Amino acid sequence: MILTYKQKEEHLHSFSVISEKKVVQTCFVLLFIVISLFVTMTVAKAEGEPDVHTIYHIYVGDKLIGTVQDAEPVLTYIEETLNEYEDKYPNLSLQIDEKIRIIPEFVFIEEKEDEDIVTALEDELIVQAEAIALVIDDKPAVYLPTNEETERALEKLITQYVDEEVYEQFQSEIDEEHTLKVGEKKITNLSLTEEVIEEESLVLPEEVVSAEEAVEKLNKGVLEEQPYIVQEGDVLISIASDYDLSTSELLELNKDLQEDSVIRIGQEIQVTVYEPLVKVLATHVKKVEEEIPFQTEIKEDDSMWKGDQKVTQEGQTGKQVLEYEITERNGNVIKREVLSEEVTKEPVKKLIVKGTKVMPSRGSGSLGWPAVGGYISSQQGNRWGRFHRGIDIARPSNYNILAADNGTVSFAGSQGGYGNLVRINHNNGMETLYAHLDSIDVKVGQTVAKGQKIGIMGQTGNSTGIHLHFEVYENGQLKNPMDYLN
């Protein structure tokens, strides 16, 4: 007669230790055995045979652990061990890993039993839990307690990167056609980058994790140790950049460091990142309205000075409705494709006219009249006991003062008795001077063209009335303006 601890019967009398019900069954079997033995020994005594003793050989698998005269302590230890694990892991289905056999033997000579057999069992008994393994690349990645918890883990893995409401909609509308409206999006495909197989397994109870812990393990993946040795001149941001890490990722790998930590030459810093065991691929279609930027068209006009421009038509953005198909891996876009586009409002071009007329800085040598009409109220020469260095022009049609020739403004400001004064270097050896201006319209360094307005006639400085004082120089020598004016 053989007693076994195993879920499947392999001998005439066998029982399991998976649950309390099984333990009760075990007690009934033992009771039957005890009664049978008592009857056998009673009959033997009645017939005058020598005393018969019963001993029990305890096996774990094929290994003999020891022999006892009373199997009850062994059964009690097994039951207590299971109860202890059930208290610690109440949500797991537990069982003894190895088959335990209790084999009775009738002997006429009482044998000495093995001591500390329960202690020996402590080293041999392994309690395992029924679990579902998620297998990736032929390797178990995580163990979960039930099929329901496994499904919950996979769902949580996906909904990290896909809105839960959108995910549920995808689950319910896989085979339904749905016309998108502007602002809506619809998931068309969800998958994992690796094949994940669910397998029933027996593992140590501490290896079984919750759905949340399983997702964390799958996300974290495996980290290969590749420490970096700090060199002279290194800082955290440069090390992170060299290994294509952000500073936050580098700090995540090195819990003892902070953003303002001082690193030392020779210090080891972990520079690798955790690579997820599996990633989520999500493809969705979305419809959006986008602006169409307007184009700018520039037309040239040779009647306008170069550098001048004017807007003849303001631009207006258009509108279009686009339908995109976007594929993301763990929430990062890896592909974007336009499926359709519809222009709902055409953009309007912005039109700009730019001048191309060149304003030369070198004069022609032929001076133009520097005012709009008017007459010479005072010639060059002696006047009131002093020499009058130029000519005065008064009573013009308007008070605009014009550049006598092309050139570059060499002075524009106030100067003593001249009042507000403009000097123009014609870059051909000639220079002209315009004095007593009420206001100045040019600045030093500016290129002006012949006939261009440079200011307004006035009576600043030593002046007896509104007029323009005009002087001409050639190679630094004062000349009579009347010899050059056309």
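These questions and answers go through a predicted model of one protein chain.

Residues are numbered from 1 along each chain as its sequence is written. Local features need pLDDT of at least 70, side-chain atom pairs count only at pLDDT 80 or more, totals for chains, interfaces and linings use all residues, and side-chain values use heavy atoms, with hydrogens and water left out.

Reader: How many helices and strands are in the protein chain?
Author: Helices (H or I, at least four residues) and strands (E, at least two) are DSSP runs, numbered from the N terminus. Counted this way, the chain has eight helices and 31 strands.

Reader: What percentage of the residues in the protein chain is buried?
Author: Buried means under 20% relative accessible area, exposed over 50%, and partly exposed in between (1.4 Å probe, protein chains only). Of the 486 residues in the chain, the buried share is 38%.

Reader: Which residues touch the most other members of the largest nonpolar core?
Author: A nonpolar core is a set of buried Ala, Val, Leu, Ile, Met, Phe, Trp, Tyr and Cys residues joined through side-chain atoms within 4.5 Å. The largest one holds 28 residues. Elements giving two or more residues to this core include strand 3 (53–60), helix 2 (72–88) and helix 3 (117–124). The members that touch the most others are I58, I78, I96, L121 and L125.

Reader: Which residues does I58 touch, not counting residues up to four places away in sequence?
Author: Contact means heavy atoms within 4.5 Å. With residues up to four places away left out, I58 touches K63, L64, I65, G66, V68, V74, R101, I102 and I117.

Reader: Which residues are buried in helix 4?
Author: Helix 4 (residues 147–159) has 13 residues and reaches 18 Å from its first C-alpha to its last, close to the 18 Å expected at 1.5 Å a residue. That expected span is 1.5 Å times one less than the number of residues. The buried residues of helix 4 are E149, T150, A153, L154, L157 and I158.

Reader: Which residue in strand 18 is the bridge partner of D301?
Author: Two strands pair if DSSP finds at least two bridges between them. An open sheet of three strands has the order 14-18-15, with mixed pairing. Strand 14 and strand 18 (residues 350–357) pair in the parallel sense over seven bridges. In strand 18, the partner of D301 is G355.

Reader: Which residue in strand 29 stands opposite N400?
Author: Strand 24 (residues 398–402) pairs with strand 19 (residues 371–372) in the antiparallel sense over two bridges. Three bridges join strand 24 to strand 29 (residues 453–457), and these two also run antiparallel. In strand 29, the residue opposite N400 is I456.
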